[in-house]
Every structure is written in C-alpha cells, then in structure tokens.
Amino acid sequence: MNAMTIEAQTAVNGRSGQTMREVPQSGVQIADYDHRQTVGEITVDNPKMSCREVNVYYGAKQALKQVSLDIGINEVIAFIGPSGCGKSTFLRCLNRMNDTIPSCRITGHIQLDEDNIYDKSIDVVQLRARVGMVFQKPNPFPKSIYENVAYGPRIHGMVNNKAELDELVFASLERAGLIKEVENRMGEPGTSLSGGQQQRLCIARAIAVNPEVILMDEPCSALDPIATAKIEELIDELRENYTIVIVTHSMQQAARVSQRTAYFHLGDLIEVGETDQIFTNPRHKLTEDYITGRFG
Ligand SMILES: Nc1ncnc2c1ncn2[C@@H]1O[C@H](COP(=O)(O)OP(=O)(O)OP(=O)(O)O)[C@@H](O)[C@H]1O
Ligand SMILES: [Mg+2]
C-alpha cells in the first residue's frame, strides 16, 4: 500500500482548494475544519493490523466513515477524540466485538497479519484470543484470582496438566505486575481486589491466552492516579511483546504511553501521526482545537 500523504490524498480527492492552506515560511500545510480526508501517515513499515475504508453503521446511523489506518507491530497507538466520535466502535471492529451488537453493520477491510478478520473462515473465538480486550470497568469473572487467569488457557487447550497451568497463571500475573500482591491469595475472589488490582488481573487474563494485540478501552478511567501510573508503566513494558491500542480521554495519558496517536471526530479519522507531533504540531484545525481544549 502506498504511503498516503496530505498532498497525495488531496490530489486524489481534488478538494485541496478550500480545505488546505500552507502556513507561510514553514511550508507545513494545515487542514481546515471542513477537510475530512485523514491528515498524516496512515501506513507503517511493519503493520500488525491494516484497516482500509472501514465504515460502521448502527441501523441507519453511520458511526465510522471510511477509516483507513495501520497499527504497527510493538507500538502503542492511542485513539483520542470527543465523546461519541467512534473510538470504541473502531476498537471493537479490531476483534469483531461489534458482531455482538445486532444493529451493527461493518464494511471495509481489516487484516491481522495476513488474515482478513471478517473472512467467513475466521473463528471469532480464536480471533479474540489473538486480539484481546481490556474494558473501561475492571470486570473479573465471579471466580477466584487463579481461575480468572486459568480460564482462557484451559478453554483454548493451551496446557496439558496442572503444573503447566500453574506456571502460565503465575507468569501472566507476573507480567501484569500483580504477582507479589496476589501470590498468597490465589483462591480469593477476583472481586476482592482493589480496582487497580482488578484491572491488572484483567490484563493478566488477557495475556494468559498469548494474544498478539491488546485493545484497551479507557482502562484507567475508573482508577486513582497511583493505580493509573502502574497500568501506564505496565503498558510500556508490554509493548515489547504486544501491539497495544488504547482509547483514552486523557491527553496526558496518550502523550505518556503512546508512540502514535489517532484523532477521531464525528466518525472521521481526522489525523494520525507520531504522538509528539500530534500534541505539539497538529496539522488539522480540529485536532488543534481538541488538544488545546477548545473542543471536546
Ligand atoms: N450499540 C450501539 N447502538 C447504537 N448506536 C451506538 C451503539 N454504540 C455506539 N453508538 C453510537 O455510535 C457513535 C460512536 O460511539 P462510540 O461509543 O464508538 O464513541 P466513543 O468515541 O467511544 O465515545 P466515548 O468517548 O463517549 O466512549 C455514537 O454516536 C454512539 O451513540
Ligand atoms: Mg467509548
């Protein structure tokens, strides 16, 4: 796939006249409010996932419009934007969680490595093991701490005996930075943990089935600053082994944990780029308004 630049896109769409203007001297082009082609580089050299022209409808209402974006291997990409702009909708497209919403219809193409994830041959349960999810509100199963993590590997037939399962449970809790706090209380209910611990338990549960991508929808919004800092540290460590997509309402959090940021507005992917660039030199007026607090 060719790299898409502002220039290339506007040339293709022939809409550059009214919506793009050059900032004198710098040569940087700034897109005006009515410009709806994604500004910035949607492709990466090593894509783990590739999304092209994704549209999502809930009944007659369109929630996402022609979204094209690569998600790089071992990167943390943040999705930001005002409430209702489609961040969760797009996140859910990436592991077909939207399939569970009857009114939801999706067009376009989403690939995980070489696989078209919407192909008829795809086993959705397997897909969701490869592309795991952590939700806004920690949601441990009503089971013990141990069982929360053991459940996935067991149903996916990943282990042959109890010793292997123990090892996998401990390793997952270790990776999620929780083992020290729970090693002496593995039989207690997952719900007996604090909110921050529960969220790390949910991360351990996601990790246990050996995912390649982890989707996180506002994973810290129910947590205090200390628990949030722990999760952010963890995200940074996990990046070595996983691709992470995080939806966040906190621009500070996006700036701290992500390498790339995608800004959504009313169903359009308005701008994507290196996180530093998005927060210091946005190239679309809508992004600029959002990050400077004028909108959202
Ligand atoms: N299950 C659903 N049925 C109908 N419409 C929906 C459904 N889920 C989302 N929508 C609509 O789709 C649009 C995008 O919603 P989405 O939840 O993806 O936004 P969001 O960016 O995640 O917002 P927030 O920051 O508030 O979580 C909104 O207009 C919303 O009302
Ligand atoms: Mg949401």
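In which sense do β5 and β11 pair, and over how many bridges? They pair in the parallel sense over 4 bridges, where two strands pair if DSSP finds at least two bridges between them, and helices (H or I, at least four residues) and strands (E, at least two) are DSSP runs numbered from the N terminus.

1. Basis of the note. This is a predicted model, in which local features need pLDDT of at least 70 and side-chain atom pairs count only at pLDDT 80 or more, while totals for chains, interfaces and linings use all residues. Residues are numbered from 1 along each chain as its sequence is written, and chains are lettered from A and ligands numbered from 1 in the order in which they are written.

2. Strand β5. All 5 of the 5 residues of β5 (residues 76–80) are buried, so the strand is largely enclosed by the rest of the structure; a residue is buried if 20 or more other C-beta atoms lie within 10 Å of its own, exposed if 12 or fewer, and partly exposed in between, with C-beta atoms placed from the backbone. In a regular strand the side chains alternate between the two faces of the sheet. Both faces of β5 are covered, with Val76, Ala78 and Ile80 on one side and Ile77 and Phe79 on the other.

3. Partners of β5. Strand β10 (residues 243–247) runs parallel to β5 and is joined to it by 4 bridges, with alanine 78 opposite isoleucine 246 in β10. Towards β11, isoleucine 80 stands opposite tyrosine 263. Leaving aside neighbours within four places in sequence, isoleucine 246 is in contact (C-beta atoms, placed from the backbone, within 7 Å) with Val76, Ala78, Met216, Pro219, Ile235, Val257 and Ser258.

4. The nonpolar core. Phe79, Ala204, Ile244, Val245 and Ile246 touch the most other members of the largest nonpolar core, which has 74 residues, and the largest share of this core, 7 residues, comes from α8. Such a core is a set of buried Ala, Val, Leu, Ile, Met, Phe, Trp, Tyr and Cys residues joined through C-beta atoms within 7 Å.

5. Strands β11 and β12. Strand β11 (residues 260–265) runs antiparallel to β12, and 6 bridges join the two; they form a hairpin with 2 residues between them, and leucine 266 in the turn has a positive phi of about 45°. In strand β12 (residues 268–274), 6 of the 7 residues are buried, so this strand is largely enclosed by the rest of the structure.

6. Arginine 260. This residue lies in strand β11 and is buried, with 24 other C-beta atoms within 10 Å. Arginine 260 and glutamate 75 are 185 residues apart in sequence, yet 7.7 Å apart in space, C-alpha to C-alpha. Beyond its neighbours within four places in sequence, arginine 260 is in contact with Glu75, Ile77, Val272, Gly273, Glu274 and Thr275.

7. The open sheet. In the order β4-β3-β6-β7, 4 strands form an open sheet with antiparallel pairing, and the edge strands, β4 (61–72) and β7 (115–116), each pair on one side only. Strand β3 (residues 47–58) is paired with β4 over 8 bridges, and proline 47 has glycine 72 as its bridge partner in β4.

8. Ligand 1. The residues surrounding ligand 1 include Tyr58, Lys87, Ile101 and Ser103, a residue being near a molecule or strand if its C-beta atom, placed from the backbone, lies within 6 Å of it. Helix α3 (residues 87–93) supplies the largest share of this shell, 3 residues.

How values were computed:
Contact = placed C-beta atoms within 7 Å.
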